[in-house]
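Subject: Structure for you to look at

Hello,

Here is the structure I promised. Please open it first, then read my notes below.

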Amino acid sequence: MTCRDYIKKFLTVHADDELIGRERRAADSHVAGCIVCRQQLAEDRRLKALIRGHVPITRVPADARLRIRSALGRASQSLDVAPNALEGMIYSTLRHLRDAVLATVSRTGPVPASIAAIASVALIAIITTSRGPSPIPVPATPAFDLAVAKFDTLAEDFVPTAPAESEDSHGAYYAWVMDRDRAGSGDESSDLARTYREAGVPEEVFNFEPVGYGLIGGQVAESADGRPMSYTMYRGEKGQILSICLRAPEMAAPVGARYWAGTHTFYEYKGHSIALTFYPAEHYISILVSREPINDLLRDVSVAETDSSNS
Amino acid sequence: MGKSRSSRDRRLQFEQAALPHLDALYTSALRLARNRDDAEDLLQETVLRAYRSFHQFNPGTNCRAWLLTILYNHFRSGYRRGWREQLANSGDEFEQELESLSVAQDDGHDNPERIVADHSAARLIQRALATIPEEFRETLLLVDLQELDYQEVADVLNIPLGTVKSRVSRGRALLRAALEKLAIGAGKTGT
């Protein structure tokens, strides 16, 4: 090994103890016999020690530490109730409500027919719901059908594309987002959010990385009545999650939800798990669809952070 | 009951594994967010996200590296709008603030001469670090201050391993040059 080779290829990694096996032995042997390279190595290690010794780790202020511990306590409690315990809690609450209504009816004696009718309907609904873990079936919902169909079409070969009317710079910009994404360069979520903002759809880009899903990219499209909408695909070892944003002023949350968490409502629909979210602005809704079990989607969404400016 | 106990155990395990790294995370959060309020928010969100995905942490691996990966991912995801703009607009003032904050917290128990010497060295190294480009400074600090190995740095920064090596090598060369320049300047002014 020449000094030039050592300095160029080995000095830094040697100083950081990153060499192993034959390379390590070769580097050790070279510096043992070369005073110049030995001095270089010692100097690199001194520089490391200088940083380690003189760039202090900054202490977290006491009040911030307290806030974090308190938030951790709250998170710990909320994690305790999701998802199976959450279901139990809902049933338990409904049972209490049912008992309370029954107690009220028995105390007040005869009641007007209309109130009795309302109470009966409520009781039937409560009893039906609290009967067991199987939820009310979700009625046919066109937006969910669209989401499921799109998921099945796009899951395996989603290609981020420019919108059809992209004579302007959007085409190049989308390609850039896609390429950056494939290179794993890390800034793609905010780039995509910006693209959505420019296209006039909500900037909904989740960060599912902590739960093992990478962002593949997005598409801006038009709904059947000409309104802009977006598709965002995430992929991981567990499969895919597709997010669809579209304007749906006529849409109401269908019955049959399994869970409610924050602004999201979770459904099982035609073999898929769905999270439905209503945005306050311009009647946009978001549908997350996946084939993973609903409890997993609930957990993934609770971990992920949305980047939406419309929320 | 059993569930409650297991959740307590889980939280305890998490706290034992993660909380010793809180100051190290905050140090990185300050450098990323560039002001204390945002750094505290970033830190809190990182801890909460880490707690929620603690089942994904592989015991026996470097918890600090895992936490830093979550912190950097969260920062990159643009959790708080405007961070990037702050990054673009900020410069030496923050480095100076960080320097004073860090040095002020140095709790040397040695004699006064030693404290003065340490503070001078700390100021010198921080000033030298402030002069080198962000990507080199960030990589050097992850290796030398946070004591991550190259693969862990590659994971945290989401860059190839070869890029980590070249940044460390180039970063040290730049830092050495900056230190020499500052030392000569200090010699000329007699400080």
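Over which residues of chain A does pLDDT stay under 50, with 25 contacts beyond four places in sequence in the model? Residues 81–102 of chain A are that stretch. Bear in mind that this is a predicted model.

A further stretch of chain A, residues 305–311, also stays under 50. There the model has 26 contacts beyond four places in sequence. Where pLDDT is low, the coordinates should not be read in detail. For chain A, the mean pLDDT is 72, and 68% of its residues reach 70 or more.

Now the cores. The largest nonpolar core holds 43 residues. Those with the most contacts inside it include Leu25(B), Tyr26(B), Leu67(B) and Leu71(B). Helix H4 of chain B, residues 63–76, gives this core its largest share, seven residues. A second core is separate and has 41 residues. Among them are Phe208(A), Leu288(A), Val289(A) and Leu298(A).

Take a look at Tyr26(B). Leaving aside residues up to four places away in sequence, Tyr26(B) touches Thr58(A) and Val60(A) in chain A. In chain B, Tyr26(B) touches Ala39(B) and Leu43(B).

Then H4(B). This helix has 14 residues and reaches 20 Å from its first C-alpha to its last. That is close to the 20 Å expected at 1.5 Å a residue. H4(B) is mostly covered, with 12 of its 14 residues buried. The buried residues include Trp66(B), Leu67(B), Leu71(B) and Phe75(B). Arg64(B), Asn73(B), His74(B) and Arg76(B) are also among them.

Best wishes

Key: Residues are numbered from 1 along each chain as its sequence is written. Chains are lettered from A and ligands numbered from 1 in the order in which they are written. This is a predicted model: local features need pLDDT of at least 70, side-chain atom pairs count only at pLDDT 80 or more; totals for chains, interfaces and linings use all residues. pLDDT is the predictor's confidence in each residue, from 0 to 100. Two residues are in contact if their C-beta atoms, placed from the backbone, lie within 7 Å. A nonpolar core is a set of buried Ala, Val, Leu, Ile, Met, Phe, Trp, Tyr and Cys residues joined through C-beta atoms within 7 Å. A residue is buried if 20 or more other C-beta atoms lie within 10 Å of its own, exposed if 12 or fewer, and partly exposed in between; C-beta atoms are placed from the backbone. Helices (H or I, at least four residues) and strands (E, at least two) are DSSP runs, numbered from the N terminus. The expected span of a helix is 1.5 Å times one less than its number of residues.
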